[in-house]
Amino acid sequence: MAAIELRDASRAFGPVVALDRVSLTIAPGEFFALLGPSGSGKTTCLRLIAGFDQPDSGQVLLDGVDVTDVPPFERNVNTVFQDYALFPHMNVADNVAYGLRVRRVAAAERRRRAIEMLELVQLESFAERRPTQLSGGQRQRVALARALINQPKVLLLDEPLGALDLKLREEMQTELKGLQQRLGITFVFVTHDQGEALSMANRVAVFNAGRIEQLDTPRALYTQPKTAFVAGFVGSANVVESDLADRLTGRAQAFAIRPEQIRILTDGTPPAGHVCVEGVVEDILYHGASSRCHVRIDGGALLAVAQAESGGAPSLPALGTRVRIAWAQASAVPLE
Amino acid sequence: MLARSVSRFLHSRRGFYLALLLAPPLLWLGTVYLGSLLVLLAQSFYAIDEFTARVVPELTLKTYRQLVGQPANVDIILRTLAMAVAVTLAAAVIAFPIAYYMARYAGLRMRAFFYVGVMLPMWTSYLVKVYAWRLLLAKEGIISWALTGLGLQGSLDRLLAVPVVGGPSLASSYIGMFIVFVYMWLPFMILPLAAALERVPESLLQASADLGARPGQTFRNVVLPLALPGLAAGSIFTFSLTLGDYIIPTVVGAPGYFVGMMVYQQQGTAGNMPLAAAFSIVPIVLIAIYLALARRMGAFDAL
C-alpha cells in the first residue's frame with residue numbers, strides 16, 4: 001500500500017493556481033523529492049501532506065486512509081521546517097521532547113528519549129542549550145531529532161539544506177541519506193536544487209506551474225527528459241525546437257541534447273550516425289572540470305558544448321573561430 | 001567643504017559623536033526626569049509640622065508611618081491596587097483575541113483598519129472621553145436605557161446591588177469606574193500584545209501542531225509563552241496608568257479615594273507635600289514588585 005497518495009489534488013490562492021490536479025503515489029521507504037522552481041507547487045504539495053493546508057478538490061491519503069480533512073496533529077507525519085521552527089523559549093532537549101510532552105509522556109521518560117534522539121544526531125552534549133546558541137547545521141539536526149521522536153511513518157523536509165553553506169550541505173546530504181536508510185521510513189523532501197534531488201532521492205517529481213512535468217528516477221530524468229522544461233531544469237540541455245530539428249535531422253520533432261554529448265570536430269569527417277553543424281564560438285566559460293563553449297550555429301540558435309578539462313594542452317578553439325560540432329543522433333532525446 | 005571636514009571629524013571620533021548625540025536627551029532625562037523623582041523621594045522623607053502646616057526639612061519616617069499606619073490610607077492603597085489588578089486582567093482577556101486576530105489572521109488592509117481603530121480613541125481628549133462615559137453610564141444614560149429596552153433592567157439592578165462594587169447607578173459605582181478604566185487603557189494592552197504576537201513565526205505554530213499538539217496545547221505551550229513579553233509590557237501600562245490616575249475616580253464611580261486623588265489633594269488643598277510625595281512613591285514600589293514577580297515568572301525569558 002502506498003505511504004502517501006495524492007489524487008487529483010488542486011489548490012488555488014485567489015487567482016493563482018498553486019496545484020492543478022496533481023496525482024502521485026509514494027511507496028513506503030522511498031526517498032522522494034519534490035523538485036521545481038519557486039511557485040511551482042512543490043511546497044503546497046508538501047503542506048497538503050503535512051495537513052497545514054487542505055486541497056480545494058481531490059484527496060490526500062496516508063497509508064491508504066483518506067486524511068484530506070484530518071488536522072496535522074492527528075497525522076502520523078512529521079516535518080522538518082525550512083527555518084527549522086525551533087521553539088526559542090525551550091532548550092534543545094525540551095524542543096526534541098515536545099512531541100512526547102503533548103502526548104503526556106512522563107518527564108523522565110521523555111527526557112531519556114530526547115537524549116536518545118540527540119545521540120542519533122550527535123548533539124547530546126547540547127541538550128541544555130537554547131536554539132539561538134546553535135549554528136545553522138546544529139539547528140537543522142535538532143529539528144531532525146524533534147521530528148523523528150514521534151517515530152513517524154513519513155518525514156517531510158521543506159528545503160532542508162537551503163540555509164546551509166555548500167560544504168555543510170554536502171555533508172548533510174550524505175547524512176540524511178544514511179539516516180533514511182537506517183530508519184527505513186519514507187522521506188519526502190522539497191527542493192529547488194536539482195543536484196540535491198538527483199543525488200539524494202530514489203524518485204523525483206519535477207513540478208512546473210502547479211503540475212508534475214515528469215516523475216521518474218534521477219537517472220531517467222537526466223537521460224530521458226520528456227519535456228523541454230525538465231531537460232532544462234534537471235542539468236542543463238540544449239533544447240532544439242522542431243523547425244530547427246527539421247533542418248538539422250530532417251525530422252520535425254523537438255529534441256534535447258546535453259552539452260557533454262556534443263563534440264567539437266577537429267578533423268573533417270563526422271562519424272556515422274552523427275548530426276554535424278557549423279557555427280562560430282561566441283563565448284567560453286571555464287568551470288574547472290570542464291569548459292563550456294557557446295556556439296552560434298548557422299541559422300541563429302546558440303548551442304552549449306562541454307569540453308572536459310584535459311589537464312594539458314588547451315583543447316579549446318579560440319573565440320570567434322568557425323568550428324564544426326557534432327553529436328550522435330542516438331544521444332538526442334526527443335521531447336513532447 | 002566645511003560640512004565634509006565636520007563629517008570626517010565625527011566619523012573618526014566615535015566617542016565624541018555619541019556624546020553629541022546623547023547629551024541633550026540624557027541631560028533632559030537626568031535632570032527633569034530622574035532629578036524630580038529624587039526630589040520627590042526626598043520630600044517623602046520630610047514631614048509637615050502639624051501646627052504651622054509647614055514642611056520641616058529634616059529626614060524622618062513620620063510621613064511613611066502616617067501612610068501605612070492610618071487604616072484610611074491603607075484602604076486607599078488596597079482599593080487602588082485591587083482596581084489596577086482587575087483592570088489589567090480584564091484588559092488582557094479582552095485584548096488577547098483582538099491582538100491575536102490582528103497579528104495572525106487580518107489581511108494588510110484589515111490590519112491597518114484595526115490599528116487605526118484601536119488608536120483612534122487616543123486622538124480624542126482624555127477628559128472628553130471620561131465625561132462622555134459618565135453620561136453613558138448615568139442612570140438615565142444610553143446603557144441603562146438600552147438594557148431596559150432589552151428587558152435586562154433586572155440584571156443591571158442585581159449587578160448594582162452587589163455590595164462594595166455596586167451603587168445607585170453604573171456612573172456612581174466601582175463597576176462603572178472599572179469599565180471606564182478598561183476602555184481607556186485597552187489600546188495600551190492591545191498594541192504591545194499584537195506586536196509580540198506578530199513576531200511569532202507561523203512555522204512555530206505549525207511545528208507544534210505537526211508534533212501532535214492540539215490547538216489548546218499549542219496555545220499554552222507556544223503562543224502564550226512567546227506572547228508574555230507583550231503581555232508584560234501591556235500590563236505595565238494598564239497597571240501603572242490605573243495606579244496613578246486621579247481623573248477617572250473623580251468623575252466616575254463611588255466616592256472612595258484612590259492614590260492619584262490623594263496625591264492631587266494632599267499637594268493641593270491639604271498642602272501636605274510630604275504625604276503627597278509618599279503616596280506618589282506607592283505606585284512606583286508596586287510596579288517594581290510587579291516587575292520583579294513578572295521576571296521571576298519568566299515573562300522576559302523569550303525577549
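A: Five strands come first: 5 strands of chain A make an open sheet, ordered 13-17-14-15-16, with antiparallel pairing. Strands here are DSSP runs of E with at least two residues, helices are runs of H or I with at least four residues, and both are numbered from the N terminus. Two strands count as paired if DSSP finds at least two bridges between them. The edges of the sheet are strand 13 (263–265) and strand 16 (302–308) of chain A, each of which pairs on one side only. From one strand to the next the twist averages 50°; axes are lines fitted to C-alpha atoms, for helices over the stretch in contact, and angles run from 0 to 180 degrees between N-to-C directions.

This is a predicted model, in which local features need pLDDT of at least 70 and side-chain atom pairs count only at pLDDT 80 or more, while totals for chains, interfaces and linings use all residues. Residues are numbered from 1 along each chain as its sequence is written, and chains are lettered from A and ligands numbered from 1 in the order in which they are written.

Within the antiparallel sheet, strand 14 (residues 274–286) of chain A is joined to strand 15 (residues 290–297) of chain A by 7 bridges. Val281(A) has Val295(A) of strand 15 as its bridge partner. The hairpin of strand 14 and strand 15 of chain A has 3 residues between the strands, and Gly288(A) there takes a positive phi near 95°. Strand 14 of chain A also pairs with strand 17 (residues 322–328) of chain A, again antiparallel and over 7 bridges. In that pairing, His274(A) is opposite Ala328(A) of strand 17.

At the level of domains, chain A is split into domain 1 (4–227) and domain 2 (238–334), with bounds from an automatic or database domain assignment. The centres of domain 1 and domain 2 of chain A, taken over C-alpha atoms, are 40 Å apart.

Another sheet of chain A is open and has 6 strands in the order 6-7-8-3-9-10, with mixed pairing. Strand 6 and strand 10 (211–216) of chain A lie at its edges with a single partner strand each, so one side of each has no neighbour in the sheet. On average, neighbouring strands of this sheet are turned by 20° against each other, direction ignored. Strand 7 (residues 154–158) and strand 8 (residues 186–191) of chain A run parallel and are joined by 5 bridges. Leu157(A) is placed opposite Phe189(A) of strand 8.

The pairings of strand 1 are a further part of the picture. Strand 1 (residues 4–13) of chain A runs antiparallel to strand 4 (residues 57–62) of chain A, with 5 bridges between them, and Ser10(A) stands opposite Ser57(A) of strand 4. Strand 1 of chain A is also joined to strand 2 (residues 16–26) of chain A by 7 bridges, in the antiparallel sense. Here Arg11(A) is opposite Leu19(A) of strand 2. Strand 1 and strand 2 of chain A form a hairpin with 2 residues between them, and Gly14(A) in the turn has a positive phi of about 60°.

Helix packing comes next. The axes of helix 2 of chain A and helix 4 (residues 136–148) of chain A come within 7 Å and cross at roughly 30°. Helix 2 and helix 4 of chain A are therefore roughly parallel to each other (angles under 35 degrees count as roughly parallel, over 145 as roughly antiparallel, 65 to 115 as roughly perpendicular and the rest as oblique). Val92(A), Asn95(A), Val96(A), Tyr98(A) and Gly99(A) of helix 2 make the contact with Val142(A), Ala145(A) and Arg146(A) of helix 4; residues are in contact if their C-beta atoms, placed from the backbone, lie within 7 Å. The residues of this contact of helix 2 with helix 4 of chain A divide into 5 nonpolar, 2 polar and 1 charged. Ala, Val, Leu, Ile, Met, Phe, Trp, Tyr, Cys and Pro count as nonpolar, Asp, Glu, Lys and Arg as charged, and the others, Gly among them, as polar.

Finally, the contact between chains: 19 residues of chain A are in contact with 17 residues of chain B. Strand 6 (77–80) and helix 2 (92–101) of chain A each supply at least two residues of the side of chain A that touches chain B. That side of chain A has 11 nonpolar, 5 polar and 3 charged residues.

Terms used
Contact = placed C-beta atoms within 7 Å.
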